[in-house]
Amino acid sequence: MKKQSVFFESIKIDLQTSEGTFPYFENGVFLEVDPVEAFGLEEFFWGSQLEGLEGPWVAFNTCNWGAPIVICGVYNEDWEGVVNIHKGGDVRGNYSGPYFTEKADDILDQRLWATIRLSNGRVFFAESPEFRNSELYFDTFDIYMNSADLEELPVLPEMIEELENLCEEFTAEVTK
């Protein structure tokens, strides 16, 4: 009897912040995440908005660690700060106007959660310290594969092994 090949049925990745869960990638397509909504940013109009905020200030750019949403800015020990959102292209430029944040920790701790469904019914969830503040990466396959590869790429035993080692598997008991 010939063994049936297993394929990736779907791959969905969500960005989790204190503001909620935002679809980030699904079946070969990167989705548009609004950083203003995802991180609760407020437009920064006046320098007087900084009145009373204590320093020292720490500068950062999330592109330095491969975060999903690239934001550059400064924050203080109370996690308040001023940030600019990267609008695409070269990360050395092309940033938005300033925004005020009271949750710089959210920006600095971007979390991605992946749900990986296989054609044999197995479902894996990925979120671990290795994936915090950066894109999700696997050694044996590209989680950001395009939709054509998703439907045609057989899941090899080494891929299953990596999923089992890095992810939690969802199992549900079926009751009659």
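Is Glu19 buried or exposed, or does its relative accessible area place it in between? With a relative accessible area of 36%, Glu19 is partly exposed, where buried means under 20% relative accessible area, exposed over 50%, and partly exposed in between (1.4 Å probe, protein chains only). The model is a predicted one, in which local features need pLDDT of at least 70 and side-chain atom pairs count only at pLDDT 80 or more, while totals for chains, interfaces and linings use all residues. Residues are numbered from 1 along each chain as its sequence is written, and side-chain values use heavy atoms, with hydrogens and water left out.

The side chain of Glu19 meets that of Lys103 in a salt bridge, 2.1 Å from N to O, a salt bridge being a side-chain nitrogen of Lys or Arg within 4 Å of a carboxyl oxygen of Asp or Glu. This pair links distant parts of the chain, 84 residues apart, with Glu19 in the loop between β1 (8-17) and β2 and Lys103 in the loop between β8 and α2 (104-108); helices (H or I, at least four residues) and strands (E, at least two) are DSSP runs, numbered from the N terminus. Lys103 is likewise partly exposed, at 29%.

By the same rule the count comes to five salt bridges. Asp90 pairs with Arg92, the closest N and O atoms being 2.5 Å apart; Asp90 is partly exposed at 40%, whereas Arg92 is exposed at 74%. In the salt bridge of Asp109 with Arg111 the closest N and O atoms are 3.3 Å apart, and salt bridges that share partners join Arg122, Glu164 and Glu169 into one network.

Asn27, in the loop between β2 (20-26) and β3 (29-30), has a positive phi of about 45° although it is not a glycine, and Asn94, in the loop between β7 (81-85) and β8 (99-101), has a positive phi of about 65°. Asn27 is partly exposed at 25%, as is Asn94 at 42%. The peptide bond from Gly55 to Pro56 is cis, with omega near 0°, and Pro56 lies in the loop between β4 (42-43) and β5 (58-61).

Finally, the cysteines may be considered. A search of the whole structure finds zero disulfides, a disulfide being a pair of cysteine sulfur atoms within 2.5 Å. For Cys63, which is in no disulfide, the nearest cysteine sulfur is that of Cys72, 7.8 Å away. Cys63 is partly exposed at 23%, whereas Cys167 is buried at 11%.
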